[in-house]
Amino acid sequence: LGTNKSVISLNLTDNDIGDDGALALANMLVSNETITDINLRTNKIGDDGAKGIATALCTNKSVTTLNLTDNDIRDESALLLADILLTNKTLMDIKLSQNIGANYFESILAAHADPRMWAISYEKLMMVNDQAMKLFMEGFEHKTMRDVNKVIIIPVCQKTKKSYALSTNACGLKIDVFVSHSWDEPFGAFVDCIKQAYLNKLTKPNLWICAFGLLQGTTEEIQSQLGTGEVALDQSPFVRALKGATNYLVVRNCKTDLCARIWCICEFLYAKEIELIPDKTLVTGPDTFVNESISCDNSKSFDPSDKVKILKELTKNNSVNEINEYIKEFRAFGSSKKTVETEVRTTSATESVDMSSIERLLKKKDEEHDEELKKKDKEHDEELK
């Protein structure tokens, strides 16, 4: 069969070929270019045979369906088969029911398809921070997310052909907190802000951070995941992850204005729409750009086509002026500058502000102002009497 050019379907159901037979079949698949459908149901194939088949399918470009139902395949081999199904562009379906590793196999596939499962743990972020400090040494202070991505994240992604998050948690990790931030801020400062935000939380959250959630590599690999092009914006991984978050964290910095980036603006507006803002939102980091005024028309994007699509979608329900007014309000959250009264504290790398508490403070300020006016009116009326 290795050189056969006519057989396109192979059905060996219930033949007890075992691992030896599966390995012989795997050797054949390395060179065969015509077989598309293979049925190996009920054949007592274990992990050795399954691993051999998975290895052969790394290079085989003809097989489209593989039935391994009712065999003896465990989690370790199920992981390999799931990875092959996700990376082999020809292979469309693997059936693995009635195997010990079947549930694990399905969990891996489900996590890969659901951006809400592309989070990393707080503890994993701290480990990456420690790794970066050791790698960059004296230069760590100035290294950004882009540097960490190049040296730490991309090598993992390219080796496993999965995002960093899914590489470290094959079945995924459900999002608790969606993080909006800039790739150009110092990575250490970014991590410090997150540390401060959850300093007094006994249970640390699972974090959705773009660099870890998406498979990093070539521009084409990244663009294929972003939900631009023909895919509706609300089906992009960013928006789907936001919808699954229980809380929203905005990490500001002194280098880059988040409100001048179109993807951040997109995240702000969707976070507002799904009511993460204000009550479920924390803002941390310095308010350096609170008095900046940049129209969303002039916002920046790595890919200009992203900006065109995002603006087109966002302006369906909001005018450019309405978006700009909201962004102006958003800049003011947690600021001690003129835009917000001094009773609301400025956030820095050592402070974080709950946006619901800010709104309460502003409401209290308005109420105090109203009371003061009423008191003055009453005094004036008494003077007239």
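Predicted model: local features only at pLDDT ≥ 70, side-chain atom pairs only at ≥ 80, totals over all residues.
A salt bridge is a side-chain nitrogen of Lys or Arg within 4 Å of a carboxyl oxygen of Asp or Glu. The mean pLDDT of the protein is 85, and 83% of its residues reach 70 or more.

- Side chains of opposite charge can pair when their charged atoms come close.
- Asp-16 and Lys-44 form a salt bridge in which the closest N and O atoms are 4.0 Å apart. Asp-16 lies in the loop between strand S1 (9-11) and helix H1 (18-31), and Lys-44 in the loop between strand S2 (37-39) and helix H2 (47-57), so the pair ties together parts that are 28 residues apart in sequence.
- Asp-16 is partly exposed, at a relative accessible area of 44%, whereas Lys-44 is exposed, at 54%.
- Lys-51 pairs with Glu-76 in a salt bridge, with 3.2 Å between the closest N and O atoms.
- Lys-51 counts as partly exposed at 27% relative accessibility, while Glu-76 is exposed, with a relative accessible area of 52%.
- A salt bridge also joins the side chains of Asp-257 and Arg-331, at 2.9 Å from N to O. Asp-257 sits in the loop between strand S8 (247-251) and helix H12 (262-273) and Arg-331 in helix H14 (residues 320-332), so parts that are 74 residues apart in sequence are tied together.
- Asp-257 is buried, with a relative accessible area of 9%, and Arg-331 is buried as well, at 6%.

**Helix H1**

- The buried residues of H1 are Gly-18, Ala-22, Leu-25, Ala-26, Met-28 and Leu-29. Viewed down the axis of H1, these buried residues fall within an arc of 165 degrees, so they line one face of the helix.
- An α-helix has 3.6 residues a turn, so residues three or four places apart point the same way.
- Asp-20, Asn-27 and Val-30 are exposed on the other side of H1.
- The elements covering the buried residues of H1 include S1, S2 and H2.

- In soluble globular proteins, nonpolar side chains tend to be buried together.
- The largest nonpolar core has 73 residues, and Leu-125 and Phe-268 are those with the most contacts inside it. H12 supplies the largest share of this core, nine residues.
- Apart from its neighbours within four places in sequence, Phe-268 is in contact with Ser-180, Tyr-248, Val-250, Leu-258, Cys-259, Ile-277, Tyr-326, Ile-327 and Phe-330.
- A second, separate core comprises 31 residues, among them Leu-29, Val-63, Leu-96 and Leu-109. Leu-29 is also one of the buried residues of H1.

**Confidence**

- Confidence in the protein is highest in strand S7 (residues 206-208), at a mean of 98, and lowest in strand S10 (residues 352-354), at 50.
- Residues 338-351 have pLDDT below 50, and beyond near neighbours in sequence this stretch has 47 contacts in the model.
- Residues 355-359 also have pLDDT below 50, with 14 contacts in the model beyond near neighbours in sequence.

Definitions and conventions: Residues numbered from 1 in each chain as written. Heavy atoms only, no water. Helix = DSSP H or I, 4+ residues; strand = E, 2+ residues; numbered from the N terminus. Buried < 20%, exposed > 50% of the residue type's maximum accessible area, 1.4 Å probe, protein only. Arc of directions from axis to C-beta. Contact = heavy atoms within 4.5 Å. Core = buried A, V, L, I, M, F, W, Y, C linked by side-chain atoms within 4.5 Å. pLDDT = per-residue confidence, 0-100.
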